[in-house]
Amino acid sequence: MIERKIQVFFSDLHKIHVPITVFINGRLETYWEVPKRVINILEHLGNTNLSSPIKVETLISIDEITKIHDNNMINYLQALSKSIMLDQEYIYPSVFAIKSPMSRLSATHLEGRYGTYCFDTEAPIGRGTWTSVISSATVASVAASQFISEQLISAYALCRPPGHHAGSSFFGGYCYINNAAIAANKLLDLGNVAIIDLDYHHGNGTQEIFWQNPKVFFGSIHGDPQFEYPYYSGYADEVGGYKAYNTNINIPLPRHTSGEKYLCALADLLQSVSEFNPASLVVSIGFDTYYDDPIGSFQLTIDDYSRIGKSIGQLGVPTLFVQEGGYKASMLGKLCESLVRGYLAVYRV
Ligand code: Q9C
Ligand code: ZN
């Protein structure tokens with residue numbers, strides 16, 4: 001039997017997180033992680049027969065978040081965001097606590113402590129950030145819960161802001177809370193979970209969270225950190241901690257990688273997933289691998305996403321997609337549709 005629809009989950013609260021600029025190399029540049037990304041996908045899917053998206057209106061409790069993240073970081077994020085006045089602009093860290101015995105990580109000044117957890121200048125915080133971030137995590141959590149209770153073969157958590165650069169006690173790169181990790185942690189109720197991260201950037205946060213967990217496989221295909229963000233992780237020799245040896249795989253690829261090369265790497269990765277034999281699969285999906293993406297360098301086309309969907313569907317493992325990056329906002333709906341159509345075309349129960 002072929003299921004022709006996918007269950008999509010979203011929240012409207014992402015719209016109150018709207019940074020406008022980011023400071024890179026001495027210049028103010030566009031902040032690409034914008035509300036239109038999710039709006040475009042929802043609008044586009046609305047014109048297809050692929051889904052009747054479910055609006056999530058609840059918010060999960062802090063306890064759900066601290067199963068994954070350090071509770072000092074979470075309390076801090078909330079406090080900092082809530083301390084910002086309604087008419088105030090977004091704030092950015094500029095001082096980062098280095099790993100030195102002389103770093104006073106307990107600094108009390110709220111803004112002064114920004115660099116304790118944040119590892120770059122690309123996760124600005126405003127008044128609405130906290131609510132958006134927790135709504136994004138809620139979308140992932142609710143999707144995972146329904147996935148379990150309704151025995152879905154596929155679901156799509158339309159999260160914003162994204163999450164894969166957020167680790168147990170760090171955040172950055174447009175990410176604050178790791179939505180995919182929250183979902184994967186829930187899916188452990190079904191048995192072992194595999195996460196594949198297809199965003200253009202290495203999922204450093206997700207890798208760190210499950211580094212010592214033998215029940216969660218993590219595999220990522222991304223721009224080689226030798227030239228690409230996040231630079232400090234994502235190398236092929238990172239294979240998992242001693243308690244979870246060989247449950248982590250990184251496939252770094254060169255600049256301008258074509259769809260064909262990408263699909264070969266994906267086939268290798270899926271072979272390893274298959275050997276891990278998970279009960280469910282989480283796909284951290286980023287469309288910043290698209291050729292016309294403003295920050296990625298890969299050369300994937302619309303049709304390549306349907307090929308990616310097919311390769312994943314052929315595994316025959318129930319799959320929860322979690323939205324990460326992808327910044328050509330006007331194209332995201334089409335890319336998402338292509339991916340989902342590919343997946344649904346081949347998945348057999
Ligand atoms: N000149 C995600 O895709 N650096 N995060 C961009 C552009 C930040 C991307 C620099 C990349 C973070 C979820
Ligand atoms: Zn990315």
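**The pocket and its ligand**

Modeller: The lining of the largest pocket is made up of 22 nonpolar, 15 polar and eight charged residues, where Ala, Val, Leu, Ile, Met, Phe, Trp, Tyr, Cys and Pro count as nonpolar, Asp, Glu, Lys and Arg as charged, and the others, Gly among them, as polar. Please bear in mind that this is a predicted model, in which local features need pLDDT of at least 70 and side-chain atom pairs count only at pLDDT 80 or more, while totals for chains, interfaces and linings use all residues. Residues are numbered from 1 along each chain as its sequence is written, chains are lettered from A and ligands numbered from 1 in the order in which they are written, and side-chain values use heavy atoms, with hydrogens and water left out.

A pocket here is an open set of points on a 1 Å grid over the protein atoms alone, where a 1.4 Å probe fits and protein lies on both sides within 12 Å along at least five of seven lines, and its lining residues have an atom within 4 Å of a point. The volume of the largest pocket is about 1,300 Å³, a volume being the space filled by probe spheres set on the points, which are joined across faces, edges and corners. Its lining comprises 45 residues, and those nearest the centre are Phe119, Asp120, Tyr229, Pro230 and Tyr232. Two or more lining residues each come from strand 2 (21–24), strand 3 (27–30), helix 4 (114–117) and helix 7 (204–209); helices (H or I, at least four residues) and strands (E, at least two) are DSSP runs numbered from the N terminus.

It is in this largest pocket that ligand 1 sits, in the sense that more than half of its atoms lie within 2 Å of the grid points. Around ligand 1 there are 15 residues, with Glu122, Gly173, His201, Asp288 and Tyr327 the closest, counting a residue if one of its heavy atoms lies within 4 Å. This shell consists of seven nonpolar, five polar and three charged residues.

Looking at the polar contacts (pairs of N or O atoms within 3.5 Å), we find a nitrogen atom of ligand 1 lying 3.0 Å from a side-chain N or O atom of Glu122, and a ligand nitrogen atom 3.1 Å from a backbone N or O atom of Gly173. An oxygen atom of ligand 1, in turn, is 3.1 Å from a side-chain N or O atom of Asp288. Ligand 1 would expose 410 Å² taken alone, and the protein buries 84% of that, with areas from the Shrake-Rupley method and a 1.4 Å probe.

How values were computed
Polar contact = N/O pair within 3.5 Å; in protein donor to acceptor, adjacent residues only side chain to side chain.
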